[in-house]
Amino acid sequence: MAVLAVPQTDHSLLSEIAKNCGLVGIGILLLQFVLAGRLRWICNVFSLSEVMLFHRSMGLLAIALLLLHPVLLAAGEGDWSLIYGWSQPWYIWAGKLALLLLIAHIVVSVFRTALKLSYERWRMTHDVLAVSIIGLTLVHSWFAGGDLQTWPMRSLWILLGGAAIFVLVWHRWIRPMKLASQPMRVVEVRQETPDVWTLRLAGAENWTADHLPGQFQFMTFPDSRAIPPEEHHFTIASSPTAQGYVESTIKASGDFTRKIQSIEPDDAVIVQGAFGHFSHLRHANEDAFVFVAGGIGVTPLMSMLRHMRDTGSGKHVRFLYANRTAADIVFANELAEMQATQSPPLTLTHVLSNADKSWSGERGHIDAEKIERLLGEIESTTGVYVCGPQAMTKQVIEVLRDRGVSHRRIHTESFSLAHDTAPTSAGSLWRRRLTVATVLMVVVLVFAVALWRADGASGGKGHQHSHGDSHGSSDGGSHEDVSPSEETHDHTDE
């Protein structure tokens, strides 16, 4: 839109590259809020975990472009006072402050654990910085950029800025208020193993589950005396066929989850979901399944098994389930009953890494030898579902790939939205390729448009400016274009 509005300028190639970095960087920055908003129309197409990892990568791309913007502009204009000078118009200072806040924003997000920030404090800081960055960035580009003096670009900026602000307000305030007006209630807290508990939640009268087996949801306990009102995501372990309730089975592995057992019946729960693409129902062309789980990674697979049992599925499941000891096996009795009744058709093998002498089953870890011996041939129409610790997931996928299993048939679930715990899975490979393609597209776009627009840099009448002139005046300048021969070359506005 910018190049259509102002096809050519009389500025250097380096200056045009700098301004293009600014335009694209701001555009990506504003769209970050759309990516992070958990919008249904995005999460139905792409899994939320992959969206959030892509969001993280695009944030780094945006800050790289916006850091290049002032440096390349100062070099292209031959005026390094743009970086260190104090006598700049107010909207240039707005840009500098936005860049400093963006750097702080990235540092706080990447090093949250090292900074010992609680999730809620980090999230509040994240939101405050985000709103400040949006405002300062829009103000800076609106007044400093000549491209923003054209109505097509102004309309685009209003659209992108409005979308960013709307999604942020919807995601952080409006939607939570709507969900809080119709909370679910805890009806049962049930112990599964020494450190694993199941919460059963019930909705209002006539409430029905609408999740796919294997998906997860976000939960907040606003009034609980046992745990803080923090939002956390947990897998839905129950089947969507369950009548009037939904269950999440949670391992006590952190400060928050260790308090799950203290939640009391009738505590209110704000639930948002469901999310995720880790479900056998999304792959109707698979006529058999291989499940591999480690520890609490059994929960999404249990949801699928329960759904298969409840719907009378005849598809066979070969299941390798790894734990430390027999006491750590979650859903041990229910899994044994499924295997005994063959509902669904199930071949279950437990693998224990620290079993006592009485254990007669498989010992050690799930490795290449066990996969080959216990799973046998994996047919081309068999879907493989892997969920567990990162090291186990990575190793299992590598073994499967070495055995010729297509990555398109290997499905994984990550319990983290900030880290890639299955870097060799199909979803991860697809996302990384998309990320690389996006970066290459941005680089090509920035340079191609700069070459096009800077074609008239050597002179010639009729070429327009892609930035406002006379910005050094006390009132901010009139932003009117002048011919090259009349230009004052006071480029401190950029």
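Keep in mind along the way that the model is a predicted one.

**First stop: helix α2 beside helix α4**

Begin by selecting residues 13-35, which form helix α2, together with residues 48-77, which form helix α4. Two packed helices are described by the angle between their axes and the distance between the axes. Here the axes of α2 and α4 come within 7 Å and cross at roughly 155°. Because angles over 145 degrees count as roughly antiparallel, α2 and α4 are roughly antiparallel to each other. If you turn the view to look at the crossing, you will find that α2 passes α4 in a left-handed way. By class, the contact of α2 with α4 has 21 nonpolar, eight polar and two charged residues.

**Second stop: helix α2 beside helix α13**

The crossing of α2 with α13 is right-handed. To see the contact itself, show the side chains of Leu13, Glu16, Ile17, Asn20, Cys21, Val24 and Ile28 in α2, and then those of the residues they meet in α13, including Val442, Leu445, Val446, Phe447 and Ala450.

Now centre the view on Ile17, which lies in helix α2. Is Ile17 buried or exposed? Its relative accessibility is 7%, so Ile17 counts as buried, the cut-off for that word being under 20%. Leaving aside neighbours within four places in sequence, Ile17 is in contact with Leu72, Val446, Phe447 and Ala450. For a sense of scale, draw a line from the C-alpha of Ile17 to the C-alpha of Leu115, a residue 98 places away in sequence, and the distance comes to 36 Å.

**Last stop: helix α9**

Finally, select residues 298-311, which are the 14 residues of helix α9. At 1.5 Å a residue this helix should span 20 Å, and its end C-alpha atoms are 20 Å apart, so the two values agree. Helix α9 is mostly covered, with eleven of its 14 residues buried; among them are Val298, Pro300, Leu301, Arg306 and His307. Step just past the end of α9 to Gly312, where the backbone takes a positive phi of about 70°.

Note on methods:
Residues are numbered from 1 along each chain as its sequence is written. This is a predicted model: local features need pLDDT of at least 70, side-chain atom pairs count only at pLDDT 80 or more; totals for chains, interfaces and linings use all residues. Side-chain values use heavy atoms; hydrogens and water are left out. Axes are lines fitted to C-alpha atoms, for helices over the stretch in contact, and angles run from 0 to 180 degrees between N-to-C directions. Helices (H or I, at least four residues) and strands (E, at least two) are DSSP runs, numbered from the N terminus. Angles under 35 degrees count as roughly parallel, over 145 as roughly antiparallel, 65 to 115 as roughly perpendicular and the rest as oblique. A crossing is left-handed if the near helix is turned anticlockwise from the far one by less than a right angle, and right-handed if clockwise. Ala, Val, Leu, Ile, Met, Phe, Trp, Tyr, Cys and Pro count as nonpolar, Asp, Glu, Lys and Arg as charged, and the others, Gly among them, as polar. Contact means heavy atoms within 4.5 Å. Buried means under 20% relative accessible area, exposed over 50%, partly exposed in between (1.4 Å probe, protein chains only). The expected span of a helix is 1.5 Å times one less than its number of residues.
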